[in-house]
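Hello,

Here is the structure I promised to pass on to you.

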Amino acid sequence: MSIMTKAQAKNFAEMDDFMLELCDFLKSKNVIDATTHRSILLKGFSRMVAYLQEKKVISAKEAKEAMEKGFTSLVYALAK
Amino acid sequence: MNGWAGQRLRVDLSSGKITKEPLSYEYRRKWIGGRGFNSDIIYNEVPPNMDPFDPNARVCFGVGPVSGTAAPSTGRVTVTCKSPLTGGFGDSNMGGHWGAELKYAGYDQIVVQGRAKNPVYLWIDDDKVEIRDARHLWGKFPREADQMIKEEVGDEDIHIVLIGPAGENMVRFACTFNDVWRAAGRTGHGGVIGSKNLKGIAVRGSGTVKIANPKAMMDVCNRLRQTFKPDPMKIGLYEFGSLCLINVANRDGWFPWRNFQGGAHPLASNMAGETHAKTVLKHREGCFSCPICCGRFTHIKEGKWAGEEFGGPEYEHAVPTGPRIGIIEDANDIWHNARLTNDYGMDAIETGGVISAAMEWYEKGLITTKETGGLELEWGNAEVVDKLIPMIATRKGFGAILAEGGDRAADKLGLGDKGHYYTITTRGMTLPGDDPRGLGFGYGLSFAMGTRGGCDHLRSLCCLELSGALYPGLNTKILGDERPNKPVTTVGKPYMVFYEENQKATTDCLQVCCFTTHWSYAVLTPDQVEYLNAVTGLDFTEEEFQEIGERVYNLERAYWARQMSGAREDLVPERFTTEPMPQGVDYQTNVGVVFPLSEMLKKYYKYRDYEPGTGFPSERKLKQLGLDYVAKDLAPLRAKYMSEAEKKKKKYYY
């Protein structure tokens, strides 16, 4: 599922500290709600990936790659 | 009741009244225990205008629901008070076995208030609690008083928390020890305990800890013990203690040479763990249920200090009493100084900090032998340090000035801002032996933001940047990015510090050793939640667990806000932000680095939801955490903090 443009993905990929901005973006797109936003910040990146996979925003393969390669892989998966 | 003992012991030394207060389910669920219980008491019962040495001030000892169980390293205790060093929130944490014994005696927390007419000690023998005469113990080193109490009680197997002469003399950075050598070092609670005429607390517990699901508990404990076996940090800590960090610190330029004038020295390996193990290590020691056993016992074999022995040292014990004051050639001088701080009962970090500040004042001509009473405070003068440590502990001569802590000493000597530059403090507390220009920018950020005074390596213990590289994929799992495992980068550090501070706070509420959850990452948050639920029979989630840490952190932050401490004080010592790191050895990795605090601070505030102007937790955040009463306390103070009158007050302590 594409929820951002490639330009937006590139912008995120270049951030030094992306977590809060990406959570805010996902909330603005109604991909996550306030409770999940908070849960992700408290639990960390693996929570974000697990939730997006659970909601079928990303595939199992993309989730696995995100956990191996990190957030740059994730944001480009969100821009496909 | 599963896990918890379910009660707090309150002792009023003025009236002699001893009460046992039940701890409700709601209270235990909100705070878990340990640091959480203590922070709540101090916030609610020690108001901002109270002198830390006031008889009505409290000092708390807290343990947690897994204390005394088979989970890894469950013997720890948090001691909390209003700090006489900083004037703000203060706590410290110690290992050993006392915490487990307190739990077996049937208590989750002790709150001490009041002041006894004469020196006393508490004797807790399960449900029997007595206030006993300690006049014969007053003036004794902890190792002497420990033996005397055991003989009195007729039991070698009891466990005792004690202060030394420094606490009795209300040195502002006096500390406590349990089992003689396990220190709760920081923030000066030893002086608060001494101000109450309390020498110590001896405990014998014959009870047990009820486990809701013993099979689930043993499954997770056995699994974790297997995880520890090949763990690289565990192996290093077992073999060489925390002194295993010396050579790493030297290579990466965070070895504090001469009050952080430099970050490396060619002779650093004289005091490395490897050298210590070959020359003076008598045996290794472990705390209650610990799979790591990082403790050392040192016996000096040669030279002028031959025959001395003591428990320790840790890295943070030896470095301030060695290279920070310019001593490195003869490591036996360092071990001797560490032994002195143990025996007199003083925070080694603050002791080394105040002596190194004085040495730099002397070097720069800000003070002379006129002020020092004839002491020649040259760098590395071991003979002078040997005299000065007891003088500080007993408040004699120049030692009486230094016993006030670096910033108050600078004021007493009339040294102005120039003197304060060399105290290397934030909110009145000095830096441990960790230069943020090399140890890591995450650590440096947490030095500025620490809630027990700044300059505190243990508030976040963001080892994801120190040992994170030893755990491939861990930074990605938590932070989404491996880049933050490099120390000298700002990448990912604001989120790292936010996460680690919350996680560390909850670890302190559980009262397990942070070496199992930071440094070594053998135990992760899901593991902690698993054994917590196995013990208590409850259903904590990982979110709730982390939120409790966030709640505790914000309560402590609010304590400072009530003292009018906020954004203006979120600083690190100027030396780190203005002086490029010089070269000390040719393999040093951080030459030229300065610490870029401001690049990270704004982002960190957003994670914490702190107001940009005041740095106070927002009303929204406090209410989200169930701290509505705290939001109410801070409401009238937000505008006050921003007033011109407040802005003009430059505070080094409170």
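Below is what turned up, beginning with chain A and moving on to chain B.

One thing to keep in mind is that this is a predicted model.

**Chain A**

Chain A holds six helices and zero strands, so reading along the sequence simply gives α-α-α-α-α-α. Its radius of gyration is 11 Å, close to the 12 Å that the globule rule gives for 80 residues, so chain A is as compact as a globular protein of that length. The C-alpha trace of chain A spans about 25 × 25 × 20 Å along its principal axes. Of the 80 residues in this chain, 36% count as buried. If you take the contacts in chain A with a separation of 6 or more, 44% of them are between residues 24 or more positions apart.

**Where the chains meet**

The contact between the two chains draws 14 residues from chain A and 21 residues from chain B. On the chain A side, helix 2 (19–28), helix 3 (34–43) and helix 4 (45–54) are the elements that each give two or more residues. Helix 3 of chain A supplies the largest share, with three residues. By type, the chain A residues that touch chain B divide into seven nonpolar, four polar and three charged.

**The nonpolar core**

The largest nonpolar core has 220 residues. Tyr121(B), Ala202(B) and Met346(B) are the residues with the most contacts inside this core. As background, nonpolar side chains tend to be buried together in soluble globular proteins.

Most residues other than glycine have a negative phi, and most peptide bonds are trans.

- Ser289(B) has a positive phi, near 55 degrees, in a residue other than glycine. This serine sits in the loop between strand 13 (281–285) and strand 14 (295–299) of chain B. Ser289(B) counts as buried because it has 21 C-beta neighbours inside 10 Å, and the cut-off for buried is 20 or more.
- Trp519(B) is not a glycine either, yet its phi is positive at about 65 degrees. You will find Trp519(B) in the loop between helix 21 (493–510) and helix 22 (525–536) of chain B. With 23 other C-beta atoms within 10 Å, Trp519(B) is buried.
- Gly312(B) and Pro313(B) are joined by a cis peptide bond, with omega about 0 degrees. Pro313(B) belongs to the loop between strand 15 (309–311) and helix 11 (315–318) of chain B.

**A bent helix**

Where does helix 27 of chain B bend? The bend is at Ala635(B) and comes to about 35 degrees, and a proline, Pro636(B), follows within four residues. Helix 27 covers residues 628–641, which is 14 residues, and reaches 20 Å from its first C-alpha to its last, close to the 20 Å expected at 1.5 Å a residue. The buried residues of this helix are Val630(B), Leu634(B) and Tyr641(B). They pack against helix 23 (542–562), helix 26 (619–624) and helix 28 (644–648) of chain B.

Notes
Residues numbered from 1 in each chain as written. Chains lettered and ligands numbered in written order. Predicted model: local features only at pLDDT ≥ 70, side-chain atom pairs only at ≥ 80, totals over all residues. Core = buried A, V, L, I, M, F, W, Y, C linked by C-beta atoms within 7 Å. Buried ≥ 20, exposed ≤ 12 C-beta atoms within 10 Å, placed from the backbone. Contact = placed C-beta atoms within 7 Å. Nonpolar A, V, L, I, M, F, W, Y, C, P; charged D, E, K, R; others polar. Expected span 1.5 Å × (residues − 1). Bend = angle between axes of the 7 residues up to and from the residue. Rg over C-alpha atoms; globule rule 2.2 N^0.38 Å.
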